[in-house]
Structures are given as structure tokens and as C-alpha cells.
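Here is a briefing on one protein chain. Look over the sequence and the model first, then read on.

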Amino acid sequence: MPAQGGIPERLTYTATIGRDDISDRMGPNNIVMCWKDNDSIVYRSRKKSFNSFKGQLFIVSTHGGLSEEIPLPCGGFCSYSPDKTKLAYNRVFREFRTWKYYKGGMADDVWIYDFKTKKVENITNNDFQNIFPMWHEDFIYFLSDRDRTMNLFSYNIKTEEIKKLTDYTKYDMKFPSLGNNSIIYENGGYIYNFDLTTQKPEKIKIQIANDFVNGRSEMKDASKYINSWAVSPDGKRAVFGARGDVYTVPAKSGITKNLTESSGVHDRNVEWSPNGKYISFISDVTDEDEIYIIKQDGSEPPVQLTENSTTYKYNPVWSPDSKKLLWGDKELYLKYIDIDAKKVIIVDKATDWEMRDYSWSSDNKWIAYTLPKNRESSQIMIYNLDSKEINPVTDEWYDSGSPVFSKDGKYLFYTSQRDFNPIYSNTEWNHAYRDMSKIYLTTLQKSTPSPFEPENDEVTVKEEKEEVEENKKNEEKEKKDKKPDKEKELTVKIDFDGIVDRTVVLPISAANYFNPNPVEENIYYTKFAAGDKGTSLKMFNLKDKKETDLGNYRSFIISADEKKMFLSANGKYAIIDLPKSKIDIKDYLNLDNMKIWVDLKAEWQQIYNEAWRQMRDFFYAPNMHGLNWEEIHDKYAPLVQYVNDRNDLNYIIGEMIGELSIGHAYVSGGDKHNPKRIQMGLLGAELSKDKSGYYRIKKILKGENWTKNTRSPLTEIGVDINKGDYIIAINGKPTNRMTDIYASLINTAGKQVELTVNDKPSDKDSKKVIVVPVADESDLYYFNWVQNNIKKVNEATNGQVGYIHIPNMSVGGLNEFVKYYYPQINKKALIIDDRGNGGGNVSPMIIERLNRELVYLRMSRNTSLNTQPGAMVVGPKVLLIDMYSASDGDLFPYQFKKLGIGKIIGMRTWGGVVGIRGGLPIIDGGTLRRPEFATYGADGEGWIIEGYGVDPDIVIDNDPAKEYAGEDEQLNKAIEVILEELKSWKPLPEIPEFPDKSK
């Protein structure tokens, strides 16, 4: 693109991969690193990587064409020496990580690679971050946080002296760029130019004549950002918490109302009072989460109920008389407030987890809730508002939850995991328990009979006519004497003596049950069972003892008058008559008028503040790692006013949470202007341009064409294309006229493409072949890498040693382990490869199998022996790690070492093990991940791994040039070590002589 402006010219055509976002913690997929010269641009790309941490360096001409690989296995920011014979570069690319003051295994150094000798030299060699090398004459300039804040340093090539050139103490220096004789960079939102001659920076005054289209107030469709909902007592309206406002929408016709209209305020967790008068919600208009109510028609301003909040609040629930609201919070309290008195009462405080499961009795005198427990079973408890007494309803043997009172005060319904129906593994003799839950009821009074007690039908004797008439008169008199329903006062009485034993199960199949809602003789609930296509809505009738399937719905609410039901279905919403049979929704709610002018500037300030509060309330360490968290808020808050794009906001939030110096502090997403992404068609092959102008196939990636993710297009049945063949044309268009062949494969993923191929660079005697390109080659590169490693280990150990790579600790990584572990249990030894493991949570499952100790052997006539425990590799084991072994990929080698399973080889791991869970609602759909689950040592050694990593027993750093050439020194060392350990390997005992019991 011309420096003075103009139309950009596209130079590269690369794979359209995921995680390609300027504010993603992995950084963009394709990003310019430097200029080699005026005609060549160096960029980093993950187009050939199967690991999101790693990318390679490529060179592309300013005239376009196929890119050239720099002969290094991976790289980041870089800069050429003046004579272009050497490259100063970062081997790791982590500047987009929201983790400051990092000293773990992935901390980067500045390396010099010599293209002639193929040697690398570490010129910084410390535990700090040393990034952005810029080579100018006899100096390599770079940024380092060795004095905590990122500043500019220089390294003298001749004297090897390192000198600090700037002294910033508040904001880091960011994203420097080398010019002819100066370095331009950003600090605290300003651009500076550092003159290399005078060694002084100068602030540059910049005026951008821009209309800031991405930062203007916009009309937004709030219905795309709904995060809570409720229904009016009569079912005539629904209320939504959406895009930070409170909306009511008519069920059939009428006006959509925005009751709060508050850009820059997050109103959430809406509920409608049972008397229909008010809507409650949580709002941060005071910069803290407080509970408010507002008249349902919006005729008066909201009324604030709580004050001086110190933590995050969960959904408040109305009492049936509409006089109280009940909620849980992150400080593990369960509280309610008397709305008239504005008095907050503490119901209970948990010790193990948050209380988010609670309900009222119909007489407003009792609260049922789930008391969560970590190392015991969660219990249902009942609290009495008058006496303040708390009593358990369930025992400590079975997890229970979702308590709800029947309206007549007879029963308490809840879910509980009490069914034990194991399934057994096909890979080994092991079990798993699924679908353990059913819905149960407890009779609140001893005198209340079970709805499932035995029945005995009796013969009905006809009464005399006069007696029948008299009975009718008596019934009519009783009706007149009765008070109207609204004047009735039900008092719920609970006999706690023996209540745990007054438990009855509904005769339904074991599954996972949610949200039981009793209405007279019916109970509504949702169900999910293994093998089901989705969650289904069910109704059980206590009289006829039958369950009715109402349809596939996950979320429902029954109106307070119990005549209507609100349903959420695939982003659409409906209010229907309370169903008794299969639901057929005719009309969905019209959300077309949930539009609002959003002041993006105000909204971005609110999101910044809420991110700060969420981290304050949920971060595992209440001391915030020693930081003055208020000062950190104020440090970055002035930058928010200059945000004009949602990615900028994520960047600033990332800088703020990065101050905590922790691994899993992540920010992402939000309402962005995202360009349309068009998938590139890929052939599962590496191509080069021949001097004839045609493109030649250098390499064809092997695949497993029976499975989707590793389908390799040029190896499929009927596709007769070989390595060395030339692609003469694509869909009839000659490739020798193409600057970049991949430009012709845009938008062809999954579509038929005609290739004209030949074994020589000519269209004469060529043939036409139909292929179907894939959208992603990463799994193919991964499969080929693993197969090559298996082959190396097999050949080097004469088939004695198995090899398994575990790419992550999620489902994919577990699948890879299972796929390769069980076929190799007869090997004498095992090499496990944890390098590049992206984390997850399944490491305990894998460690359990690797740590098994032989107890005895089993045999059967005419068969071979079996071990007990089964499915174990009896011999030695070795583990490979590197700086990309992360998260649960850190915890895995820690356990491996702690249990003494075997030696660990490679480089120190990433060092990020404070875990996260799902995000909380953000106004515009963004997410914040808060590190909440920290790990400390069982031997009293304090906090482990975080910020440091796991050390190998044998340190081996793969030489980049050798690795690029295909030599894996870490794997070679693992083979060497395992072969040495096999020298003392003892075979399993042979089957002994059979006993002679004839004597």
C-alpha cells in the first residue's frame, strides 16, 4: 500500500484459519515482521502449523507470488543484518499474550541466526522478555522488561555490551519499528521517535483526519445480545436483559419498551415480580453491582434496593408475595432483601462454592437452596425466615440440587444423582457413570401421603336419588362459605423429623434433569441423556404416573399464574399456553423493535470497568498478587477515551489484566466489524513454481481419507497424482499465467475443482482430475509429523519402544492418547511427547494409566498372559516437554515427575496453571477469563508451576537449523535414554508349571 494512502494490493494467499484476530492472544495469523529489503517483506504465518503457539517466517515479494520459507522451524519478530547474512530474531512469538513480567519457559530471547554456518547465538540469555530485535549497523536494538517495565536496549555486535536507552516506569514501550536512523514506538498511547544518533526520544504530534466510523454511536439490534429473560405473571409480555438494557416485549401485539435506556450501564438478570408490578434487575450504574426494581411500564425511574456492594451478584428471585428478593454472590453468601424495609438478611454462607440454586415456599416463610460441597455431596437445605433455623432435606450421600416447593406446600421437588448404571470401556476393563440423576420429592409433613402409594380400586355403589341431591346442596353451600382464592392464606408446615427418609423418586428414566417446576398435578422439567440429540422438555403427571414429551427445548419459564409458558428455542422466543402435549409453536415473539442507539464510547468505558471488577471479584488471590488494583484501573482508564475500535478496547483491557502476571487472564470477542472470511481451498500438498511457469508438487501430505479432518485431497481413491507432477491448469485456466496459484483456489474448499496435471511441464498428454480441496491442512501436517516420529522411534529401537504425542488435554488430545496407547501396550517402553500441548483438563486420566504398577498376571488356556492392572506398559517411560507445553500440559509433566514415572527431556514448560471457567455476561458479547483455580504443592512447597513452568531432568534445546532439516534432537535424546534404560529391563515372568494336585 502506498505510504501516502491508496488501495492495498494483496500479496499473499494463505489458509483461512481460526484465531486470526488482531486482539487474539495468539496474535494475527499473517503479520509483517520486517522488510528484508525494499522488494521483500518478511511475515509470520501459521499456515503450515498444527500448533497455534507456533508460526514460521516467510518472505514474499512486493510483486506477489509464492512465498519463500526462511529455513527456521518457527520464529517471531526479526531483523536482518545490514549484509543480509544473519537474522536477529525471536524464536517465540508472545507479544500478544496478556501476561506481563513473565519468566516462564516461553520467555523470549534475542537470537542471531547465521545463514552461512546455520548456527544460532543467544545474545540476551536471561529469564526476562527480550523482544523486537532491530538490527542497525553494529547494534541490535530490542525491548526488555528486565527492569519490570519494557524499555529499549542496545546490544553492540563487536563489544557484546548491552545498554539501556530509555527509562519508562509507567507504561511499556510497545511495537517498535526501525527506520533509516531512528526507531518509532508507542508508549502510553503516544507515538515517539527515538533518534539513534542522539539517543533521545521525541514525541510525535499526530493528527489523523479520520471519521472514526468504528467508534460512532450506532443503532444496534439488542435482540442479538440477550443474556437473561423472564415472563409477566399473566404471560402477556416477556422481559429481556439485552445489550445492557431492560426490554419488555408483547406476546402478541403492542409496543416494545426499553425501560432503562442506559448506554454505558450494564443492566442484567431480569425477573418479573409475581404481582406483575415490578421488574427487578442488577445494574452497575453506581460502578458496582446493585439490585434495582422498576415499574413494569417504566412510568417511574428505577429504585435502588442494595448499596455498598463489594462483589458480583447472581440472579435475584422474587418471593411469591413480591415483597422480597433472594440472591447469591461470589462471596458465597445467600441473602434476601425486604423491599419495603430495604433490609438485607443473610441466609447462609457456603465454604466450598457459590450458591446459585434457591427458591421460595408459596407462603414466603421458607427458602430451599443447594449447599454446594467440593469433597462431599451437595445438600438441599431449608431456611426458616422467622426462626432463622437451617435444616437439611437430603443426606450427605448423594449430590442433590434444583429444589422447588410445590404450590400447595406438600412437597419439595429436587434432582439428585442416585442411579448407578455404569457403562464399560471398549479400550480396557474400566467404568464410567453417566445419567445418574432423577427427580425426587420429599413430603414436607409426616401426614402427607406419597403420590405413589399403593392404590386399591373399590366398587362404587349407586346412592339414592334424595341422597345425591342432598350431597349436591351441601357441596354448593361449602363453595359459598369458602373464601375466594386470593383471600386464602396457605401456611407451609415442615416436619423435619425423619424428612431425609421421606424421599420418593418419580418413575422416570435416569438421565440429567434440570429446572423442575410443579404445577398442580404436573411437573415440568428438562432432560438430557447420553445419546439424545439434544435437551428435551418433559411433563410428568402425578395422577396418571405418566411422562409426556413436549419437544426439544432447553429453557422454559412458567408464568406466575401458571397458565403460560415462556420458551427459548435456537435464539427465538415464544409465550404459549401451558402445554399438556407436544408443543407446536405457531408464533414467536417479534423482537424487531429491540433497537437502540448505542453510545459506543460510553459502552466501552463500562466494559473496561466491569472487566476490572470481575477480575477483582473472581481472581484467585484476594491480594491481587500484591497490586493496588484501584491504581491499575486508574493507570489504563485514561486510554479508554481514545478507543475507536472494539479491538483497541480488548488491547487496553489486556494491558490492564496483564499486570497480574498470570497465564489465563484472557479477553476476547465483542461487537466488532468483522470482514467476511472466504475459505481458501487447499490441496494437502506443498508446491513450488517451476522455471516453465507451471507449479510442481514438491510434497503430498499423507492422510486418513476415511475421516474428515485428515482427508488429503491428492491421495483419495481415483485421484492419480504423484509427487513431482506439474499442475498445468486449474478449472481450465493455465497456471503458468498465474502469479500465485492459490489465488485460483479462493472459495473452493469442499467444492469440486478440475486439475490438469502432467509428469512434465507441458499441457501435451496431460490429464484432467477432479479433486475436492480442504479448508485446513493443519491436521494433515500434524498427522504426518506424528507418523514420522513413530517411524523414527520404531526404526531406532527395533520396534521395542512406543511413541505417543498428546497435542492437548482436551477431547482431541485424549483421543490421540487412546488411539496410540492401547495398540502399543505390548511395547517394552514408551516415549510420551507433551511438546506443544495446549492444555485442557484430562491429564489425571492419562497419568493414572501411565502410573499403574504391576500387581499380578493372568492367563487362560492356549493364550498369552495379561497384566493386572490391565492396559499397562510395564517398562520404562520417558516424557518430552518444551516451552509450548502449557496449562494442563504443564500439570502433566509435574505429575509425571512427582510420581517418578520416568525422566523428562526437553525445555522448561510454559508455566500457566491457574485455571479458568466460562465467562460472565458482557454487554456486547465479549468475554473475560478470570484465573480462579490455583495449584499448590502437596508437600507444603507453596504455589507451584505458575509463572515458572516444569524443569526437565535433561535439558535439550533443539537446534533450529537441524530441526528445520528434520532432525529432532529432543526425540533423539529420548530414544537414547530409553534404550539405555531398556538394558536393565526384565521380561514378565513366564507362565509357571501348572499345579499337580493328584497327590
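Between which two strands does the loop that holds D765 lie? D765 sits in the loop between β53 and β54 (767-771). The model is predicted.

- D765 has a phi near 60°, a positive value in a residue that is not glycine.
- D765 is exposed, because its relative accessible area is 61% and the cut-off for exposed is over 50%.
- N747 also has a positive phi, near 65°, and is likewise a residue other than glycine.
- The loop that holds N747 runs between β52 (733-734) and β53 (753-758).
- N747 is partly exposed, with a relative accessible area of 42%.
- The peptide bond from Q868 to P869 is cis, and its omega is near 0°.
- P869 belongs to the loop between β58 (866-868) and β59 (877-881).

**The whole chain**

- The secondary structure of the protein chain comprises 10 helices and 62 strands.
- The radius of gyration is 34 Å, close to the 30 Å that the globule rule gives for 999 residues, so the chain is as compact as a globular protein of that length.
- The C-alpha trace spans about 115 × 100 × 65 Å along its principal axes.
- Of the 999 residues, 52% count as buried.
- Among contacts with a separation of 6 or more, 56% join residues 24 or more positions apart.

**Nonpolar cores**

- The largest nonpolar core holds 48 residues, and F240, I653 and M656 have the most contacts inside it.
- M656 touches Y608, A611, W612, W629, I632, H633 and Y636, leaving out residues up to four places away in sequence.
- A second, separate core has 41 residues, among them I790, V801, I831 and I978.

**Site around D114**

- D114 is part of strand β7 (residues 111-114).
- D114 is buried and has no salt bridge.
- The nearest side chain of opposite charge belongs to K86, 4.2 Å away; a salt bridge would need a distance within 4 Å.
- The D114 side chain does reach the backbone nitrogen of K116, at 2.8 Å.
- Beyond its neighbours within four places in sequence, D114 is in contact with T85, K86 and K119.

- T797 lies in helix α5 (residues 778-797).
- T797 counts as buried because its relative accessibility is 1%, and buried means under 20%.
- The side chain of T797 reaches the backbone oxygen of V793 at 2.7 Å.
- T797 also touches I975 and L979, not counting residues up to four places away in sequence.
- G813 is found in helix α6 (residues 811-821).
- With a relative accessibility of 0%, G813 counts as buried.
- G813 touches I806, P807 and N808, again leaving out residues up to four places away in sequence.
- G813 and Y383 are 430 residues apart along the chain, and their C-alpha atoms are separated by 45 Å.

Key: Residues numbered from 1 in each chain as written. Predicted model: local features only at pLDDT ≥ 70, side-chain atom pairs only at ≥ 80, totals over all residues. Heavy atoms only, no water. Helix = DSSP H or I, 4+ residues; strand = E, 2+ residues; numbered from the N terminus. Buried < 20%, exposed > 50% of the residue type's maximum accessible area, 1.4 Å probe, protein only. Lys, Arg positive; Asp, Glu negative; His and termini not counted. Polar contact = N/O pair within 3.5 Å; in protein donor to acceptor, adjacent residues only side chain to side chain. Contact = heavy atoms within 4.5 Å. Core = buried A, V, L, I, M, F, W, Y, C linked by side-chain atoms within 4.5 Å. Rg over C-alpha atoms; globule rule 2.2 N^0.38 Å.
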